[in-house]
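Here is a brief report on a predicted model.

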Amino acid sequence: MFESLQDGLSSALKSLSGQGKLTEANMREGLKLVERSLLEADVSFEVARYFMKNVTEKAVGETVLKSLKPQQQVVGIVYQELCDLMGPVDHSLHLKGKNDVTVLMLCGLQGAGKTTTVGKLGKMLKAGQRNPLLVAADLQRPAAIDQLHVLGEQLGLPVYSDREEKDPVKVCNAAIKEAKKLGADVVILDTAGRLHIDEELMGQLERIDKQCSPEQIYLTVDAMTGQDAVNSAKAFNDALEIDGVIMTKLDGDARGGAALSVKHVTGVPIKFMGTGEKLEALEPFHPDRMAQRILGQGDILTLFETAQKEFDQEQMLAQEEKLKKGEFTLDDFRKQMSMIAKPGLMQKMMGMMPGMGQMREAMNDFDESEMKGLFGIIDSMTPAEKANTKLIDQSRRRRIAAGAGCEPHQVNELIKQYDAMAQVMTAMAGKGMRDRMKMMGELQGGLAQGGTLGKQKQHTGKRLSNAQKKNMRKARQEALKKKRKKR
Amino acid sequence: MGLFDRIKKGLKKTSQVLNTDVRDLFKSEGRLIDEDFLDELRAILFKTDMGYDPAEELVSEVAKGMRGRVVQMQEVIDVLKSKLKELMAQDESPIRFADSGPTIIMVCGVNGAGKTTSIAKLACMFRGQDKSVVLGAGDTFRAAAVEQLGIWADRLGVECIKGPEGSHPATVAYQAVEHAIKSNADVCIVDTAGRLQTQKNLMTELTKIRDSIRKQIPDAPHEVLLVLDATTGQNGISQANNFADAAGCTGIVLAKLDGTAKGGVVVAIRQQIGLPVKYVGVGEQHEDLVLFNPDNFVDEMFDDALAAN
Ligand SMILES: Nc1nc2c(ncn2[C@@H]2O[C@H](COP(=O)(O)OP(=O)(O)OP(=O)(O)O)[C@@H](O)[C@H]2O)c(=O)[nH]1
Ligand SMILES: [Mg+2]
């Protein structure tokens, strides 16, 4: 087995450098390694095959990037595809108002971790100022009722159970009535673990579904599950139309390929992941982290380093020197911006970087004319002004604005934006890669949260709604696909 | 139900899936063994969770001997069978009983694997052999785990030693062994809390539990069984590795083989770590345990297909 997918890929794709385009033939060996990696991570065989077909289609015809090693380029495409397939995320429990009772139901195979997850959800809801009622509907396993009662006590949450009743459907019905009396606003049903081929028990689940009409049904899936994940997930989804998946036991060393399989066969979002035995160990699911895990760590970091190199080496060195001295002029800023805006390349690489998805989206919606506007402002400044923005007073600001054909406050905003970037850039100089990555993240966060880029858009009156953005993205993808077909 | 019938019960779904698929490969009399054929074969093998290397090994075995030929199903299956049997070869190894005094069995595994239930099944089996059994409720961590084992003990009419609230599992194990010696019991089975093999301190705790069992009987525990969930994928290898290291496992109980999962990761475990499978769990009741026999296991996987031909 390879320590890292990259190691294997670099030899498999050696012949690629110097070639113009990625083709099925020159990638074959490399893609086989990716497939092997997926299979070793427990992605189901069919899903792995399907996935590889997609990736191949996407990759074929791509220009071999000069500064990215071919294996990095391929991993980048694979990584992006994994993220896309395991997304989009939806961490909402879709709760009704507090005056209503929302019913959540958990189901899954024996030993998947349902009861613990019920406790974790209860804790989370309580923290969100909700009043959950936990329901012991596992009448099968010895002491399952006691287990839930102990958890309820630990959490200070009410637990409904009926030790005399033999029919879990009746228990669930009674519990919902009880919830109204107790003033609970969320009911969580802990059902017994069962095999998906046990028709009698699956029928029982369907009856609970019909009679209690839960708002949300979640399937808990053990992260260590192998090839069988597709079978059980499909069966549970066929019977219950599940609304989401919760992966458990991700604190271990399982690569967790089941996540991909389950997402593929059910199509429902993976909501949360259990990362420990403690009741607070429930985290929102993030496709990018999961993708890294499935591919094996380390690959993505390397990719990031290379992405950094994509900035012209010489320019980078010169820049580095200046930054070390604490210099980062508006001219440098202009250069940075124009590199980021280079169509295609940077966007592609941002997509490859963990956590940079948002940034990429921001760039997607970044209008060329806006960029030109920014550059216009900078170009209207004198060299002295560019070197020291503090010189720019009200009258200079008016002059620059007139020269660039914009409003004076836009000049102001540009300077603010530059200041923010300059701070980060000069702080970055001389830092290690990890620190840089963190800072990039901070910068990205800053820009995303009403940073100047956002405001700028508002002024041009072109702020897009999420739906519009989505449509645009779709259109772009469609156009891209067409382009590829033509080649 | 006889032994073979029970294995059959557990493996029925397994073999159905395997056999239907293989049958599909041979729509007519014989079929040309080409790349497409080998790839279909590969899919079938991978779906057992046997892992990349064993599956590829089997495929190349078929390719080496038969590529370009038109063959009968029987031939392909014979090759696969003998290769698989070779991979899984082991002594039929039931429990190694102590020469004198109680036989101590320690049971470990990841969370939810089926440890407690498997202990109930083992206890039931020993009762059937007229052996007296003492259970040790060594899972002092999970909510209501002690109660769970206690309920099984009551159902089976065996003794269950429980420590006071908050006791250390090593103490409970010690007390269980002590009681087994005092009461002249034949077998003592110690439950442990589920843990992930990556939790270093909890794995060290397993070593401590084993050491505390040793204090009274130097060559105990006579068996340390790792319970492995049959739905587990390649992570089973890491489980076997780490539990063997920490607790000195002597064998595997493969639980939940009554589902559609094939438990093929034991092939990779066998190949890489050498840990044998001793028993197979085929249901939730206390009688749902069978002795593992690799030849039968492999034969049962393919016999139906041959019969149907
Ligand atoms: N279908 C089936 N279910 C099983 C089998 N063995 C155990 N189970 C079920 O799996 C679930 C978990 O079993 P437990 O015995 O509690 O597992 P454990 O390893 O002791 O779990 P923890 O102590 O929580 O780590 C229970 O619902 C059992 O009934 C089996 O062979 N087949
Ligand atoms: Mg247990």
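## Ligand site

Ligand 1 lies between chains A and B. Its shell holds 26 residues, and the closest are A:Gln110, B:Gly114, B:Thr117, B:Gly194 and B:Gly281. A residue counts here if its C-beta atom, placed from the backbone, lies within 6 Å of the molecule.

Helix 5 (residues 115-128) of chain B supplies the largest share of this shell, 3 residues. Helices are DSSP runs of H or I with at least four residues, strands are runs of E with at least two, and both are numbered from the N terminus. By class, the shell has 6 nonpolar, 12 polar and 8 charged residues. Ala, Val, Leu, Ile, Met, Phe, Trp, Tyr, Cys and Pro count as nonpolar, Asp, Glu, Lys and Arg as charged, and the others, Gly among them, as polar.

## Chain interface

On chain B, 32 residues are in contact with 29 residues of chain A (C-beta atoms, placed from the backbone, within 7 Å). Helix 6 of chain B gives the most to its side, with 4 residues. That side has 11 nonpolar, 14 polar and 7 charged residues.

## Helix 11 of chain A

Helix 11 (residues 287-295) buries A:Pro287, A:Asp288, A:Met290, A:Ala291, A:Ile294 and A:Leu295 (buried: 20 or more other C-beta atoms, placed from the backbone, within 10 Å of the residue's own). Seen down the axis, these buried residues fall within an arc of 160 degrees, so they line one face of the helix. The arc is taken from the directions from the helix axis to the C-beta atoms.

## Basis

Residues are numbered from 1 along each chain as its sequence is written, chains are lettered from A and ligands numbered from 1 in the order in which they are written. In this predicted model, local features need pLDDT of at least 70, side-chain atom pairs count only at pLDDT 80 or more, and totals for chains, interfaces and linings use all residues.

Key. Buried ≥ 20, exposed ≤ 12 C-beta atoms within 10 Å, placed from the backbone. Contact = placed C-beta atoms within 7 Å.
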